[in-house]
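Me: I would like to learn how to read a few features of a structure, taking them one at a time. Could we go through the general idea of each before the case at hand?

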Amino acid sequence: MPAPAIELTGINKSFGPVQANRDINLTVEQGTIHGIIGENGAGKSTLMSILYGFYQADSGSISVGGKPVTIHTPNDAIAIGIGMVHQHFMLVQNFTVLENVMLGAEGGQLLTGSIADARAELHKLEEAYALEVDTEAVIEELPVGLQQRVEILKALYRGAEILILDEPTGVLTPAEADHLFRVLAQLKEQGKTIVLITHKLREIMAITDNVSVMRQGTMVATRKTSETSVEELAELMVGRHVLLRVEKGPAHPGDVKLAVENLTVRDRRGVTMVNNVSFEVRAGEIVGIAGVAGNGQSELIEAIAGMRQAVSGRVLLDGLPIHVTGSADPAELRRRGLAHVPEDRHYTGLVLPFEEAENSILGYHGQAKYLKGPFLDIDAIRKDAAAKIEAYDIRPPNCRLKSANFSGGNQQKIVLAREMEQDPTVLVVAQPTRGVDVGAIEFIHKRIIEMRDAGKAVLLVSVELDEIRSLSDRILVMFAGQVAGERGPDATEGELGLLMAGITDGQEAAE
Amino acid sequence: MDWHLYLGLNVLDSTIRISVPLLLACLAGLYSERSGVFDIGLEGKMLAGAFAGAAAASSFGSAWIGLFFAILVSVGFALVHGFASITARGNQIVSGVAINFIAAGGAVILGQAWFKQGGRTPSLVGDERFSVVTLPFADSLGGVPLLGPVYRELVSGHYILVYFAFLMVPVTWWVLFRTRFGLRLRAVGENPAAVDTAGISVTFLRYRAVMITGILCGFSGAYLSVAQNAGFVKDMTAGKGFIALAALIFAKWRPVNAMFACLLFGYLEALGISLQGKPLPVIGTVPVQFMQALPYILTVILLAGFIGKAIPPRAGGVPYVKER
């Protein structure tokens, strides 16, 4: 048996008081795809950054191909054949593909000759690994899937035998992700060793040979992928039993709390994104809106929440109209009992440089309980934030920490706590678990169901079909700005998939 | 209408003379800003260079020694800016402004202490000052119609620093787009993380860029005090560093554009001098202050998006910190 491609022994790494890696041992066999899975902040990226020379370990040793090595800089890593595809691409946006691939491996002081050599070499690589990219294209004009391909080519160009990919599918569409997996499988066939860092269980099961699980800076287990299961991995990651499917009782729908009538919304370019949509949400039920991203869900939600002006139609909140075609004001809608968890927590949900406590009242900061005369009552706000942190298990439990320093799942909980704790009549939740760990997903799902059981009308929008199916009492599928159909909670994935592709009841009947 | 007022050889000749310090400072700023270090202290470095150049030229009796000291002092200031913005990761604007103040005040204080002439340096005479270069055949070809006078007046008869400045335009272009250093320089100004992960030192790269900025600012300062003028006077840069910065934005951080921007701004000033007190058709007399303000007005119009888009290097002004 050949020496393992990578062998890490006793790796420790601290950032100030935080120990990101604690006595890590890891063996990666040559010519395999090895998954490293763990929640956000479990120390996966730190470990790989140590292997790539971006950080130095405080202690521990590294062997590559059976030989002990010291890696002080990325240069050292590159020299011994380690390449890395970072989560946030390390590409110069206004450079061409060729320039990006060459950067740092130019092969001489002058570019004149080396450009031609590099181009030829790159073409050879593209052919050998079926990774076609136009070498003269400028990066910022390429879709993310191709940008990632450039990152892979960059590593191969430097002669990488071991390829580390850090959360490679986070920015990809499902189709692009599938393509990436085919590329990785092919690289493996050609003898490359691949380390795949992810927090998505599905990816681990789909492509890896072996999987190592990290939790809170330690390596808790290594398994052969064929001998483990999603349930076991989830439990190892979180450290306790996780329900991948939430349990909920039957719904008891009451009065209509949110009614959307013939709503039409256009986007900035004037394209009709929501076309004559009507539905209602009753108290005590969860209505899920499924659909492939970009079929009008975002615009629909934004119009209801008062963030985007609709062209025509009506929206009734608790029987009273919202001025959706004019000056609907999100602040006023909040006062009327419409809570909104926006789909992009970084862009619209939080002010990242603000303290957690500030974000936990944002939008509700005009309420008397947070004010002392014309000023904010900081003590009351912090007390309120501390209570939410406790109730929603937000970690670290420090309401004075900048929101940017929380992990994605905890940031999402900050937003959810803010919106849910105001006792709304209607809760509009978009993509509640995007980029969130397994453990936090379970918690968030439970909370949404609790809101329903407390008699709130919940409108849920998600591109995760599993999420829609496990939470919703009724499912609406949007396609090209229209509701393609409505199904009950027991609808099959295939049935919903057809609707998502725009094949409606009428067409089926005709066939 | 008297076209000589607009395009006469004397107007074009002074255009070149006025453009040169702008061009040197503009190219200086180009290196720094392309590497991601904004430099509002071009003015200060020019002024410090001008003072050091004149003081050294007068003390040692050589223009070349003056130039050497101009560069030395300017690079010293550049390294201070480099330390503040690269190593200490400070605010680059604050550092640049500080350098402008230190240079303006320091030159006068030292000038007064050393030469006791109210902050001036002694007038430079003979070898203490650069003399103009007369190109071969300038006189014999001067008689050729049209091209002869152009060669004699415009091309020939400038200080050597003028030729150096214009030579630096293709050199800068070549360095930026045809060398490894240039590729990395452009990359580090756009995405330092990409450079870092490619195994290249962001710090060293930026320091080199900042030092080149210092060298070129030294040339610019020496041109003012040891060539164009015979000595240093208080505040002699008179905002040229800022006009150079405006030209850099106007040129969208490209070397050949920078030359044209500096020539345009130089021409506007030359025109202002040429037209001083002379009424224009239709609009009447234009105040000289208006001509002086034109470069800034043009830059504002550019920034407002009327003449294409000026996109600065993406990482400009932001100190590089590894994640965490």
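Me: In which helix of chain B is the place of Tyr267(B)?

Reply: This is a predicted model, in which local features need pLDDT of at least 70 and side-chain atom pairs count only at pLDDT 80 or more, while totals for chains, interfaces and linings use all residues. Residues are numbered from 1 along each chain as its sequence is written, with chains lettered from A and ligands numbered from 1 in the order in which they are written. Helices are DSSP runs (H or I, at least four residues), numbered from the N terminus, and Tyr267(B) lies in helix H13, residues 255–274 of chain B.

Me: Is Tyr267(B) buried or exposed?

Reply: A residue is buried if 20 or more other C-beta atoms, placed from the backbone, lie within 10 Å of its own. Tyr267(B) is buried because 21 other C-beta atoms lie within 10 Å. The C-alpha atoms of Tyr267(B) and Tyr6(B) are 9.3 Å apart, although 261 residues separate the two along the chain.

Me: How many residues of chain B are in contact with chain A?

Reply: Two residues are in contact if their C-beta atoms, placed from the backbone, lie within 7 Å. By this criterion 17 residues of chain B are in contact with 21 residues of chain A, and on the side of chain B that touches chain A, H9(B) gives the most, with five residues.

Me: Which residues does Leu460(A) touch?

Reply: Not counting residues up to four places away in sequence, Leu460(A) touches several residues, including Ile286(A), Val429(A), Ile448(A) and Leu471(A).

Key: Helices (H or I, at least four residues) and strands (E, at least two) are DSSP runs, numbered from the N terminus. A residue is buried if 20 or more other C-beta atoms lie within 10 Å of its own, exposed if 12 or fewer, and partly exposed in between; C-beta atoms are placed from the backbone.
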